Amino acid sequence: MKQGKISEMILKRSILKNITYKKKEVIQGAGVGLDFSAIDLSAGNAVAACDTCFYENRQDIEVLVDKVCNNLIVSGGVPLAILVQLIVPTDGKEQEIKQVMKLLDENGRRRQVQLAGGNTMVSPHVDSMVVSLTGIAQVAMGQCWSQGKLEAGQEVVLCGCIARHMTKKLAISHREELLTRFSSGFLEKILVWENLTDITPIIQVCRRAGVAAVHDLSQSGVFGGLWELASAGGLGIEAKINDILIRQETVELCEFFQYNPYELPSVGNVLAVTQDSGVLINMLEQEGIRGALIGHMIQGNDKYVLCHDEKRFLTPPS
């Protein structure tokens, strides 16, 4: 494809034509010659979040949309719109652009967000398509969750088993290698895992339970998330490694590849801070979601996990 901005013809037939899901709050969406999008936020404040991936398959788009929307809803907001930036290699095909736009629209519909605008460029500086999303949400006045509300003594609950999405990704991408150690039946059990990356059901429960704050583990994994949660709240944190929810399948695949499962990105998992973990865990279980008390906020700056009464101090996620 020709370097620079894509042609109006490609814009119309491969991008705009594939934006089908609409939200009433989006006053002006994507279109030819439009320099901006307009969104009605009269009912609350705006919240924004962004993320990027190199596109290889449909799962990349599904997870990318979920990561952006997850970042938005942990604010307490309702996602409304997504802006899309595509950077296409010079040997890229228009059909691939069309496929990505269809996937974005499909997953936007699933998460009830509209593709409201964006930009597409062709560049010789990338080898595969780069997809960057900026999500915009609306949060009601005074309803934004904030780590500034954290206090020493509050309990930290892990929602869901960690790193399940990464476990499934490994099982798909390294199937032949894994079959040298594991049976096909073992891997098939992982491949049928579903609904791994959308945290909406968790956030709905957390809202009803009146938790003080939540933190999305999409980027950093549970160890990094514990650090980030405490750092944002200006407190320390103590957690017990043996209380962290993890599937045996995740443990075994991480041992095979010599990965630390506690440091793998955990798309679909949340840390929730609450005064009463028992109430939250019971409410999660009523919705079929596992939850576990794994730690407490503490005074000071120490951030560590306990393993058989030995302290392992956490480090900032890289």
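How are α4 and α9 oriented to each other? Take the geometry first. This is a predicted model. In it, the axes of helix α4 (residues 164–173) and helix α9 (residues 248–257) come within 10 Å. They cross at roughly 55°. Angles under 35 degrees count as roughly parallel, and 65 to 115 as roughly perpendicular. The two helices are therefore oblique to each other. The crossing of α4 past α9 is left-handed.

Now the side of each helix that makes the contact. From α4 come T167, L170 and A171. From α9 come E249, T250, L253 and F257. Sorted by class, the residues of this α4–α9 contact are four nonpolar, two polar and one charged.

Strands of a sheet pair through backbone hydrogen bonds, either parallel or antiparallel.

Strand β8 (residues 155–159) and strand β12 (residues 291–298) run antiparallel. Five bridges join them. In one of these, E155 has H296 of β12 as its bridge partner.

Only angles over 145 count as roughly antiparallel. On the α7 side, the contact is made by I202, V205, C206, R208 and A209. On the α10 side, it is made by L280, M283 and L284. The α7–α10 contact counts seven nonpolar residues, no polar ones and one charged.

Most residues other than glycine have a negative phi. A163 lies in the loop between β8 and α4. With a relative accessible area of 1%, A163 is buried, because buried means under 20%.

D309 also has a positive phi, near 70°, and is a residue other than glycine. D309 lies in the loop between β13 (303–307) and β14. Is D309 buried or exposed? Its relative accessibility is 74%, so D309 counts as exposed.

Last, a residue in an earlier part of the chain. T20 is placed in the loop between α1 (8–15) and β2 (26–28). T20 has a relative accessible area of 44%, so T20 is partly exposed. What does T20 contact, leaving aside neighbours within four places in sequence? The answer is D105 and R109. T20 and L115 are 95 residues apart in sequence. In space, their C-alpha atoms are 8.5 Å apart.

Technical notes. Residues are numbered from 1 along each chain as its sequence is written. This is a predicted model: local features need pLDDT of at least 70, side-chain atom pairs count only at pLDDT 80 or more; totals for chains, interfaces and linings use all residues. Side-chain values use heavy atoms; hydrogens and water are left out. Two strands pair if DSSP finds at least two bridges between them. Helices (H or I, at least four residues) and strands (E, at least two) are DSSP runs, numbered from the N terminus. Axes are lines fitted to C-alpha atoms, for helices over the stretch in contact, and angles run from 0 to 180 degrees between N-to-C directions. A crossing is left-handed if the near helix is turned anticlockwise from the far one by less than a right angle, and right-handed if clockwise. Contact means heavy atoms within 4.5 Å. Ala, Val, Leu, Ile, Met, Phe, Trp, Tyr, Cys and Pro count as nonpolar, Asp, Glu, Lys and Arg as charged, and the others, Gly among them, as polar. Buried means under 20% relative accessible area, exposed over 50%, partly exposed in between (1.4 Å probe, protein chains only).
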